[in-house]
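Welcome! Here is a short briefing on how the parts of a protein model meet. Take a look at the picture first, and then we will go through the contacts together.

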There are 2 protein chains.
Amino acid sequence: MQHLTILGSTGSIGTQALDVVAAHPDKFKISALTANSNDQLFETQIERFKPELAVLVDKQAADRLRSRYQGPTKILTGADELAAAATLAKVDIVLTSIVGFAGLKPTLAAIEAGKNIALANKETLVAAGELVTSRAKAKGVALLPVDSEHSAIFQCLQGEKRSSVQKIILTASGGPFHGWTKPQLQQVTVESCLRHPNWTMGKKVTVDSATLANKGLEVIEAKWLFGMDYDKIEVVIHPQSIIHSMVEFVDGAVIAQLGKPDMRIPIQYALSHPERWPADFPRLDFSSIAPLTFAAPDTVSFPALALAFQAGRTGGTLPCVLNAANEIAVNAFLAGTISFLAITTVIERTVESHQVIFQPSLTDLCNADDWARSFADQIIQDPKQL
Amino acid sequence: MQHLTILGSTGSIGTQALDVVAAHPDKFKISALTANSNDQLFETQIERFKPELAVLVDKQAADRLRSRYQGPTKILTGADELAAAATLAKVDIVLTSIVGFAGLKPTLAAIEAGKNIALANKETLVAAGELVTSRAKAKGVALLPVDSEHSAIFQCLQGEKRSSVQKIILTASGGPFHGWTKPQLQQVTVESCLRHPNWTMGKKVTVDSATLANKGLEVIEAKWLFGMDYDKIEVVIHPQSIIHSMVEFVDGAVIAQLGKPDMRIPIQYALSHPERWPADFPRLDFSSIAPLTFAAPDTVSFPALALAFQAGRTGGTLPCVLNAANEIAVNAFLAGTISFLAITTVIERTVESHQVIFQPSLTDLCNADDWARSFADQIIQDPKQL
């Protein structure tokens, strides 16, 4: 029986993780859950999984919950309390499915407390890959990928030596606008952007998928998770999202992981590794499957991927700044303030203007994150810059 | 430094295996080579690799070789001497790339002598899977697959528990006549049959690939190599031969091995396992690759696959009989004696008429093989039966 904390239990990954846990009551006990502001769903989860501790970041939502909930679970509020959920004494694994830079501090707290991490918060490794992986190594904790691409690579690497790896091939659906030119992309609306062809995901990651910024963040995540040079990470567009990613080995053999686009498979694998547990997740049927196609990414229409490679290669605080600028720009796009193409422009301007600090501390990263958010906000307020 | 015997060094697999060995002079010493009758190529190989022992099965070819060759390699002749090459004291691995039932006896001799087997002779496991795998287990020797499909499965299973496997998915190119109806197949000539779309192989296996008998033999081979029930082995047509086979696990994840159709990759993997060695074999380029397509096998036009599943499920001497009938029928087709469609008819009639012996000894298998060859020959001589 493993004790589990889920940071971000009301989001897309969090709810699916609870489905996995519910299917294996003999394997897990939920010790703590956290959410941002969805107090109604959170209350249902607390009633069902009876955690010792529950943290609702939003104080008003926490007040609403406290006015209704009478059970034994201890309820805390505020972002600073996320670390309490992440470091609870009996917890073995922390699933980090908070979206964005906000996941960094509780993830670092969990690592310092010696908890294994099922990592669904890619921004943690994007912003602070050097710091997080070095602390994880020092503390001897595992960083288990939950992202479908990184889980695929992790599965492909089982039983193989790292020295046998030639390169990692990250597949990308290309999002809803694969094949579009820049003039066509000027017509993109929030609504069309949120219709992802294959995956049902949160809004942030769906927009990131459409700009290819998501793949850029995943490249940086892969660099840190698997200790790979950027020269050994390749991105290939694969619109069907059936091959979730691949590894090419030094002998020319390629190992790939395939499956229906269902996040429960990688979520469960992060929790079951090195075992696999029987599950009735939908199966691929190769006798009826559509052709699997592949193409090189279009870096003219979708420059965010190349920007991420550049920021990753530079290193230091720059990937953190790229991530922060992207978060601000995506929010502005979702709010109707800026256009789809302006998302990448905001990232580009912010990254260009940043003074990089190398081997950053957590404080350096928080400062860089703050700076980037202010800078990106300023650009967004000034239409001449877009 | 490992000492290697290659049984069948002048064939397609044998020559490519020597290419692999030549690329890794620090890893291998060739101790023995054997061939059937190609004394000229065999002499070149002996000069280059300087084995301790060389066996040329055909006596006239051996006489020709002896009349020219003056070097230190000991030259023997006759099928009975293959076992001498397979059991040489210092040999660590025997690569069995003899085609057909003729590979069985020397393979068994190698197993009894405690040699690891790199198995490119699928007929050994088809005809005598029960006997060979039980002797290999008793002797503690490894059976390392060389067939591209079985190597793919073997690679996909690295780092995984057998209990996690849901099923094996063997891919089949479908051969040059994929999509053809029975009336169309009546027009097939030997020449059109030998033009395989993806692989350059020996004639026997190329014809087997066109009838799907090859995939049937591979199903039986997979059953024994991986200890899988027939219900857990699926065949999928994949005309591009890029995905070499797959494994579906109990959690729904599928792991696949991909690569250019180049037999040197699986040959080298059988020799390097569990390592992978750097090689300049051609790489897949996903940015320019054609769509990968899949379909269920057509068991009406290509009944040999279903016949193999039936023979495998019955077991005993029946797979041996299926294999022998196929060998005779393919030879008759290549000689212009029978039509393409008659190959499967010969197999079907022979299998139907066989009295199965269960848990057969080597003698039982040799008798069944002899009987099946005579019976198949009789059918071929009597056009009314075809």
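Eleven residues of domain 1 of chain A are in contact (heavy atoms within 4.5 Å) with twelve residues of domain 2 of chain A. This is a predicted model, where local features need pLDDT of at least 70 and side-chain atom pairs count only at pLDDT 80 or more, while totals for chains, interfaces and linings use all residues. Residues are numbered from 1 along each chain as its sequence is written, chains are lettered from A in the order in which they are written, and side-chain values use heavy atoms, leaving out hydrogens and water.

**Two domains within chain A**

- Domain 1 covers 2–145 and domain 2 covers 315–386 of chain A, with bounds taken from an automatic or database domain assignment.
- The C-alpha centres of domain 1 and domain 2 of chain A are 27 Å apart.
- These two domains of chain A bury about 900 Å² between them, 70% of it on carbon and sulfur atoms; buried area is the accessible area (1.4 Å probe) that two parts lose on being put together, summed over both.
- The rule finds zero salt bridges between domain 1 and domain 2 of chain A, a salt bridge being a side-chain nitrogen of Lys or Arg within 4 Å of a carboxyl oxygen of Asp or Glu.

**How the two chains are related**

**Where chain A meets chain B**

- Chain A and chain B each bring 43 residues to the contact.
- The area buried between chain A and chain B is about 3,600 Å², and carbon and sulfur atoms give 55% of it.
- A:Asp251, A:Arg276 and A:Phe286 supply 21% of the area that chain A buries against chain B, more than any other three residues.
- How many salt bridges does the rule find across the interface of chain A and chain B? There are eight salt bridges across this interface.
- The side chains of B:Glu248 and A:Arg283 form a salt bridge, at 3.0 Å from N to O.
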